[in-house]
Amino acid sequence: MAKTQISTYFVCLASSLILNVLLLRNNVYLGGKRELSWSRRAAEEAEAVAQISCSGHGRTYLDGLVVDGSPVCECNSCFGGPDCSQSLPDCVADVDGGDPLFLEPFWMQRAASSAMLVAGWHRMGYEFPNRSLISQLLEDQIRKLHATVGNAVTQGRFIVFGAGSTQLLNAAVHALSRDNSSDPSKVVASLPFYPVYQLQTDFFRSLDFQFQGEAALWKNKSDSALNFIEFVTSPNNPDGQLRKAVLQGPHVKVIHDYAYFWPHFTPIPAPADEDLMIFSLSKLTGHAGTRFGWALIKDEAVYQKMLTYVTLNTLGISKDTQLRALQLLKVALEGRGRQLFDFGYTTMKERWERLRNALLMSKRFSIQEIPPRYCTFYKAIKDPSPAYAWLKCEREDNKECYTVLKDTGIIGREGSRFGAESSYVRLSLLKSQDDFDALLDRINKLVTKEDGSKSVI
């Protein structure tokens, strides 16, 4: 009997030891903390690439080029060499595009909280368990975001996700158009307007809608039986002005593009409360390459048509994109959003003021006037901090303003692409600090050459 008890004791002891060894070997818990197993290699790879400084004038990426086993630095404008340390004095200041790289330092400071590592088997199916193409957690986070910022009403609204706001713009035009009408809906916008409105509308060549240019030209006909779809961008791209619809009437539908309606670009006067509002992650957090946007829609029939459009067009939005957007919005809402918006506002305000001061003494160039406004998010009057400068060449002999700037080493975007006169050029203030510094250097030299005046930057 005693021998049996002893044998049983040793069997139990041996089993316990084996179990503990297996637990430790499989890294389930050690010291009360979960240890990395399959994710260790991916995490180490990501950190190794991110730690390459490229002299502060470029970046390396996991999906970038590799030479001799090492990631290659992708240099900012006006810098080159293997580690981006070589200044290129005769380079062009390219301020054409809208890449929001001004927020890159913010995310570098939050490397740990904004990072995500995705398993190879993460959500391999088309749908979520509830048969939806939309993450409920992300939808809830978006509603929380707008409630915190106070820039849009979400109560009683349906939400549709899109591949950036770009996909949603045409989805909205499709949803607001009359079906099988002998008279296509007239798509209009106020000058100067975002070129994609016309480019998309013309590209799809639908029988249900056609682009008809300047909204004000149709003002006296908007109360007729004609069907209008008006794009309203607020703040406007390219001039940063807050806008309202021009047309009124029973057959006027409005798409409110609020891509820039965030406190780092404009004071928020009140929550937007429109029938159809479109927002974009790219101008909120700076992640343009993630391609994620959303629409807030009051009418269920319009919502269903937009949802059908996105479903047939792309079968929803990438689950990886939705996961990344969720993680970014969580970080964006830390400190009730103040950390992100304080950083963004301070950066954009400083850039605007430096550019404005550089042009104060110029009689050849001018930029738009934007007044300070009260912001409900900050509960204070805030100075302008626009995404773009809408520059005008004032001289009669400089009417081709894009060419004038290009000849001096500045690449902007022609005013004619926004439906405006060729004397205007849009200059992006959104890009990297290196891009902005190059722009300011060229502008300062231009102004100095006017009459030998001293630099003011």
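A salt bridge is taken here as a side-chain nitrogen of Lys or Arg within 4 Å of a carboxyl oxygen of Asp or Glu. Under this definition Asp 441, Arg 442 and Lys 445 are linked in a network of salt bridges, and the count comes to 15 salt bridges.

The model is predicted, with local features needing pLDDT of at least 70 and side-chain atom pairs counted only at pLDDT 80 or more, while totals for chains, interfaces and linings use all residues. Residues are numbered from 1 along each chain as its sequence is written, and side-chain values use heavy atoms, with hydrogens and water left out.

**Salt bridges**

| Pair | N to O distance |
|---|---|
| Asp 96 and Arg 413 | 2.6 Å |
| Arg 157 and Asp 273 | 2.5 Å |
| Glu 396 and Lys 399 | 3.9 Å |

Helices (H or I, at least four residues) and strands (E, at least two) are DSSP runs, numbered from the N terminus.

The salt bridge between Asp 96 and Arg 413 links distant parts of the chain, 317 residues apart. Asp 96 lies in the loop between strand S7 (93-94) and helix H3 (104-108), and Arg 413 lies in strand S20 (residues 413-414). Asp 96 counts as buried because its relative accessibility is 19%; Arg 413, at 17%, also counts as buried.

Arg 157 forms a salt bridge with Asp 273. Arg 157 is in the loop between helix H5 (136-149) and strand S8 (158-162), and Asp 273 is in the loop between strand S12 (252-257) and strand S13 (276-280), so the pair ties together parts that are 116 residues apart in sequence. Arg 157 is buried at 8% relative accessibility, whereas Asp 273 is partly exposed at 44%.

In the pair of Glu 396 and Lys 399, Glu 396 counts as exposed at 65% relative accessibility and Lys 399 as partly exposed at 28%.

**Nonpolar cores**

A nonpolar core is a set of buried Ala, Val, Leu, Ile, Met, Phe, Trp, Tyr and Cys residues joined through side-chain atoms within 4.5 Å. The largest such core has 95 residues, and Trp 294, Met 306 and Leu 391 have the most contacts inside it. Helix H11 (residues 338-359) gives the most to this core, contributing eight residues. A second, separate core of eight residues includes Val 188, Trp 218, Val 252 and Val 254.

Notes: Buried < 20%, exposed > 50% of the residue type's maximum accessible area, 1.4 Å probe, protein only.
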